[in-house]
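Here is a brief report on one protein chain. It covers strand pairing, charged contacts, ring contacts and overall totals.

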Amino acid sequence: MVRSVSSTRRRIALVLAAVALLSPLATGVAAAQSVQSPSGSVVVAEGETVDGVETVAATIVVRGTVEGDVSGAAGSIRIAETGRVGGNVQAAAGTVVVEGTVGGDAEVGAGSFELTESGRIDGSLDVGAGSITVDGAVGGDVRAGADSVVLGPNAAVDGEFRYDAETFTRSPDASVAGGVVEDPSLGDGGGSGIAGGGDLLPSWVGTVYGAVANLVLGVVLLFAFPRFSRGVGDRVGTDPLVSGGVGILALVVAPVALLLLAITIVGLPLALVGFAAYGVAIWVGSVYGQYALGSLILGRLGSPSRWLALLVGVVAVALIGLVPWVGGIAELLVLLLGLGSLGLGLYDGYRGRDRGTDPDPGAVSVD
């Protein structure tokens, strides 16, 4: 029994090491004193000062002061009117709104970008987006490539405003010291910067990196916990409704419980550890969900190989994820199934250990 426990600990350590090595694109890491919520949001509160923010998160909000750079990817990024970034902003997001001050340059790739009346960028602005609105102050040049570009009445650009857009609207009250130039090469990848496509990697690069990271973590999981992993895949196939239901509970209830625990002074350290464990569980559950999907597909074809099932599941989810709307829904369903099956597996393992049996002996089978 001692040997079994020691073996289990080694396998857990192996998985945690893989998570630590592969997690930069799967979890957000913010600078010291910034706040990352369990939902994946990073918030620099008003009156708070941090050295910098470098993260991948659901949302990034700066209401306080970031002395260095803000660099990351998110669903939405907002620099509030009270927010100040002393360095540069390098961001990729669904929406980016600058209401406060950026002391350096801003390089942005987004679905939509807005520099509001109260916003100011002391350096240059280089942005590629679906829609761009510049209605604040820019100390340097502006390069903007989008379907729609709007130069608002409060815009004050000290340098040149160079753009490429299907629709361009300029207010007569806008001030551009260096002149306005239409440059079709911005949309064709000419030049450098976000708008020209030189500094922003193609979207497929992130998809490939994420798929590779998931694949590597999946290999580690299948190697370290072969029997447990097989059980997770089988459980999704035999009882997907139960797995999905438990996944929903885990996704919603766990963060609420941890937040309630964090309110108490005594429970705060445990809550912080719980948040970290929750983030790992989300990723592991997602990978298990992809593995289960691959197992279902290969099961229909009569091929039981767990390694091939992992590859098929990861590739399938990565490809489906590229489809707007449908991809997001599919990824959520896969996460719920994997997370729920993971939770059920851990619960069954706990019950087995409580009865004095070894839930996962650790013998590595070969397909």
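How many bridges join β12 to β14, and do they run parallel or antiparallel? Eight bridges join the two strands, and β12 and β14 run parallel.

## Basis of the model

This is a predicted model: local features need pLDDT of at least 70, side-chain atom pairs count only at pLDDT 80 or more, and totals for chains, interfaces and linings use all residues. Residues are numbered from 1 along each chain as its sequence is written, and side-chain values use heavy atoms, with hydrogens and water left out.

## Overall totals

The protein chain has seven helices and 18 strands. Both are DSSP runs numbered from the N terminus: helices are H or I with at least four residues, strands are E with at least two. Of the 367 residues, 42% count as buried. Buried means under 20% relative accessible area, exposed means over 50%, and partly exposed lies in between (1.4 Å probe, protein chains only).

The accessible surface of the chain is about 17,800 Å². Carbon and sulfur atoms hold 63% of that surface. The areas come from the Shrake-Rupley method with a 1.4 Å probe; for residues, only the protein chains shown count as cover. Among contacts with a separation of 6 or more, 31% are between residues 24 or more positions apart. A contact means heavy atoms within 4.5 Å.

## Strands around β14

β14 pairs with β12, as described above. Two strands pair if DSSP finds at least two bridges between them.

β14 is mostly covered, with seven of its ten residues buried.

## Salt bridges

The whole structure holds six salt bridges. Each is a side-chain nitrogen of Lys or Arg within 4 Å of a carboxyl oxygen of Asp or Glu. One of them joins Arg143 and Asp126, with the closest N and O atoms 3.4 Å apart. Arg143 lies in strand β14 (residues 142-151) and Asp126 in strand β12 (residues 125-134), so the pair ties together parts 17 residues apart in sequence. Asp126 is buried, at 8% relative accessible area.

Glu99 and Arg78 form another salt bridge, with a closest N and O distance of 3.0 Å. This pair links distant parts of the chain, 21 residues apart. Glu99 sits in the loop between β8 (89-98) and β9 (101-102), and Arg78 in strand β6 (residues 70-79). Arg78 is partly exposed, with a relative accessible area of 33%.

Asp122 and Arg120 meet at 2.6 Å, N to O. Asp122 is partly exposed at 33% relative accessibility. Arg120 is partly exposed, also at 33%. Elsewhere, Glu160, Arg162 and Asp183 are linked in a salt-bridge network.

## Aromatic pairs

A search of the whole structure finds three aromatic pairs. Rings of Phe, Tyr and Trp (its six-membered ring) pair if their centres lie within 6.5 Å; planes under 30 degrees apart count as stacked, over 60 as edge-to-face and the rest as tilted. The centres of the Phe161 and Phe168 rings are 6.1 Å apart and their planes stand at 45°, so this pair is tilted.

Which residues do ring pairs link into a cluster? They are Phe161, Tyr163 and Phe168. Phe161 is buried, at 0% relative accessibility. Phe168 is partly exposed, with a relative accessible area of 24%.
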